Amino acid sequence: MSRRMRMYFYAVLGAIGGLFASQVSDLLGLSFTSTFYANVMIVGALVGVLIGLFIGITEGILTRNPVQTLKAGVVGGLVGAVGGFGLVLGEYLFQAVGAGVLGRALGWGVFGAMIGLAQGFVGRSEIWKPTLGGFIGGALGGALLELARIRLDLAVGKAIGMVVLGAAVGLFISLIVVALSRAWLEVTSGKLKGTEFILDKFMHAGGPAIAIGSSALKSEIVLPDPDIAPQHAMLTGDGKQFTVKDMSMSGTFINNKKIELARLTNGQRIRMGNTEMVYHDKR
C-alpha cells in the first residue's frame, strides 16, 4: 500500500464514519436531557464513537491484522467518545463569546486530536504525530461542517459536513504520521506488497522490542506468509539504529545473507520466508 493510498483509505474510512454518525445523530435527535450542553456532550460522544471506530480499524484492515483491527477499533471508539465531549468547548465559545465557526472548529479540533491520540496508543507512530494530525483535520473539517450547515439545507448540510469532517480527520492523521515518519519497513514482495510499517515508537533506547511474524497474537508486525514463523524475528531500537535478531528455524536474511543478529542501515533488504522488506531510515 503506497503512502498515497494509505492516506486515501484513512480518508475514506473516516468519511464512512462521518456518514454513519450523521445518520445516527439524526435518528436520535438532541433531546436526551433537559440540559442543552449535556445533550451536546452525548451526541458528540456518539459521533466520536463512530468516527473513531472507522478510523481506528483502518490500519488493521490495511495490514490484514484482525487483532489490530479489533483493538484499534475499540480504543478508537472509546477515545473518540471522550473527544466528542470536546464539542462542548466549541459550543460554549459559540454561544457565550460569539466565536462562531472558529469556536466550533476549535471544539472539533479537540475532537480530532482525541481520535489521533487513540491512533497513537495502538499504532506504531509517536503519539504526538497522529494527535497533531487529528487536531488539524478536526479543526478544518469542523469549520467546513459548520459552513455546510449554514449554507445548505440543514439535514443535507449536516450529512455532507460530517462526511467531510471524518475524511479530514482520517486524512490528516495519516498525512502527518507519514510525512514525519523517520523509520519504516516497506514490504516489497508477498501478500502485503506495498504496505509500510512505521517504527518510530520503537526507536528509543530502553523501549520495547517489536516482533515480526505470521501470528497476530504473537507479533506486532504480522506478515501472512506460511513460511514465516509465528514469531520470526525481533527488532530492538537503541535511539540510533535498529537491531534485528532471528528467532526462526528457516532464517532471516539481510541483503541475501543469513543473519542471527545484525544492525539495520537505510536501504537494506530483509527477507523472511517468501516476503521481502526494505528498511528505510531518514534520521
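Biologist: How much space lies in the largest cavity?

Modeller: About 190 Å³ of space lies in the largest cavity, where a cavity is a set of points on a 1 Å grid over the protein atoms alone at which a 1.4 Å probe fits but cannot get out, and a volume is the space filled by probe spheres set on the points. This is a predicted model, in which local features need pLDDT of at least 70, side-chain atom pairs count only at pLDDT 80 or more, and totals for chains, interfaces and linings use all residues. Side-chain values use heavy atoms, with hydrogens and water left out, and residues are numbered from 1 along each chain as its sequence is written.

Biologist: What about the second largest cavity, which residues line that?

Modeller: The second largest cavity, with about 40 Å³ of space, has a lining that includes Val187, Lys191, Leu223, Asp225 and Thr275.

Biologist: Switching topic, which residues have the most contacts inside the largest nonpolar core?

Modeller: Inside that core of 25 residues, they are Leu185, Leu199, Leu223, Leu235 and Phe242; a nonpolar core is a set of buried Ala, Val, Leu, Ile, Met, Phe, Trp, Tyr and Cys residues joined through side-chain atoms within 4.5 Å, with buried meaning under 20% relative accessible area (1.4 Å probe, protein chains only).

Key. Buried means under 20% relative accessible area, exposed over 50%, partly exposed in between (1.4 Å probe, protein chains only). On a 1 Å grid over the protein atoms alone, a cavity is a set of points where a 1.4 Å probe fits but cannot get out, and a pocket is an open set with protein on both sides within 12 Å along at least five of seven lines; lining residues have an atom within 4 Å of a point.
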